[in-house]
Amino acid sequence: MNIHQYYPVDIVNGPGTRCTIFVSGCEHQCEGCYNKSTWRLHSGVPFTPEMEDILIADLNDLRIPRQGLSLSGGDPLHPANLNDILRLVKRVRDECAGKDIWMWTGYTLAQLTPEQLQVISHVNVLIDGKFILPLKDPMLLWRGSSNQVIHYLR
């Protein structure tokens with residue numbers, strides 16, 4: 001898996017202070033997307049085991065208490081990202097007690113494959129649905145367009 005950006009301290013992509021990763025790869029390619037640079041699967045830089053270790057350490061760093069991890073993109077549920085994302089969310093669950101996981105995807109909950117649902121079983125909050133430019137609403141919390149749904153899963 002490749003990523004475009006890692007923010008060890010983020011207050012925009014979910015509640016509280018968080019760690020946020022923007023992954024590469026998106027099949028949806030929504031008109032008006034603010035993050036088109038993440039569409040190509042092999043753009044950005046590899047998400048290495050060393051980077052994953054840093055993220056886990058950042059989530060557990062008591063000097064900057066973080067509420068959890070946010071996964072955006074691109075699309076974390078792109079088929080090519082699933083193995084790495086599954087490993088990461090399981091590791092956060094196992095090693096970062098009390099941290100929540102938020103995820104944004106262009107797929108709807110009803111469209112998810114069994115493999116994608118396996119990832120989602122470790123996620124607290126899923127924001128689903130493609131960004132639809134005519135439905136853009138800057139007043140929405142955590143969403144870009146009114147068709148997108150916030151699912152509180154755990």
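**Figure 1. Lining of the largest pocket in the predicted model**. Sorted by class, the residues that line the largest pocket comprise 11 nonpolar, 13 polar and 5 charged residues. The volume of this pocket is about 650 Å³. Of its 29 lining residues, those closest to the centre of the pocket are Tyr 34, Ser 72, Trp 104, Gly 144 and Gln 148.

**Figure 2. The aromatic cluster of Trp 102, Trp 104, Trp 142 and Tyr 152**. These four residues form one cluster, and the count of aromatic pairs in the model comes to 4. One of the pairs joins Trp 102 and Trp 104, with 6.0 Å from centre to centre and 35° between the planes, and is tilted. Both Trp 102 and Trp 104 are buried. Trp 104 is also among the residues closest to the centre of the largest pocket.

**Figure 3. The pair of Trp 102 and Tyr 152**. The ring centres of Trp 102 and Tyr 152 lie 6.4 Å apart and the ring planes stand at 90°; the pair is therefore edge-to-face, the class for planes over 60 degrees apart. Trp 102 belongs to strand 5 (residues 100–104) and Tyr 152 to strand 7 (residues 149–152), so the pair ties together parts that are 50 residues apart in sequence. Trp 102 counts as buried because its relative accessibility is 4%, under the limit of 20%. Tyr 152, in contrast, counts as exposed because its relative accessibility is 60%, over the limit of 50%.

Figure 4. Strand 5 is the strand in which Trp 102 lies.

**Figure 5. Gln 29 in the loop between strand 2 and strand 3**. Gln 29 is located in the loop that runs between strand 2 and strand 3 (45–46). The relative accessibility of Gln 29 is 43%, so this residue counts as partly exposed, a class that lies between the limits of 20% and 50%. Gln 29 and Gly 106 are separated by 77 residues in sequence, and their C-alpha atoms are 9.0 Å apart in space.

Conventions:
Residues are numbered from 1 along each chain as its sequence is written. This is a predicted model: local features need pLDDT of at least 70, side-chain atom pairs count only at pLDDT 80 or more; totals for chains, interfaces and linings use all residues. Side-chain values use heavy atoms; hydrogens and water are left out. Rings of Phe, Tyr and Trp (its six-membered ring) pair if their centres lie within 6.5 Å; planes under 30 degrees apart count as stacked, over 60 as edge-to-face and the rest as tilted. Buried means under 20% relative accessible area, exposed over 50%, partly exposed in between (1.4 Å probe, protein chains only). Helices (H or I, at least four residues) and strands (E, at least two) are DSSP runs, numbered from the N terminus. On a 1 Å grid over the protein atoms alone, a cavity is a set of points where a 1.4 Å probe fits but cannot get out, and a pocket is an open set with protein on both sides within 12 Å along at least five of seven lines; lining residues have an atom within 4 Å of a point. Grid points are joined across faces, edges and corners, and a volume is the space filled by probe spheres set on the points. Ala, Val, Leu, Ile, Met, Phe, Trp, Tyr, Cys and Pro count as nonpolar, Asp, Glu, Lys and Arg as charged, and the others, Gly among them, as polar.
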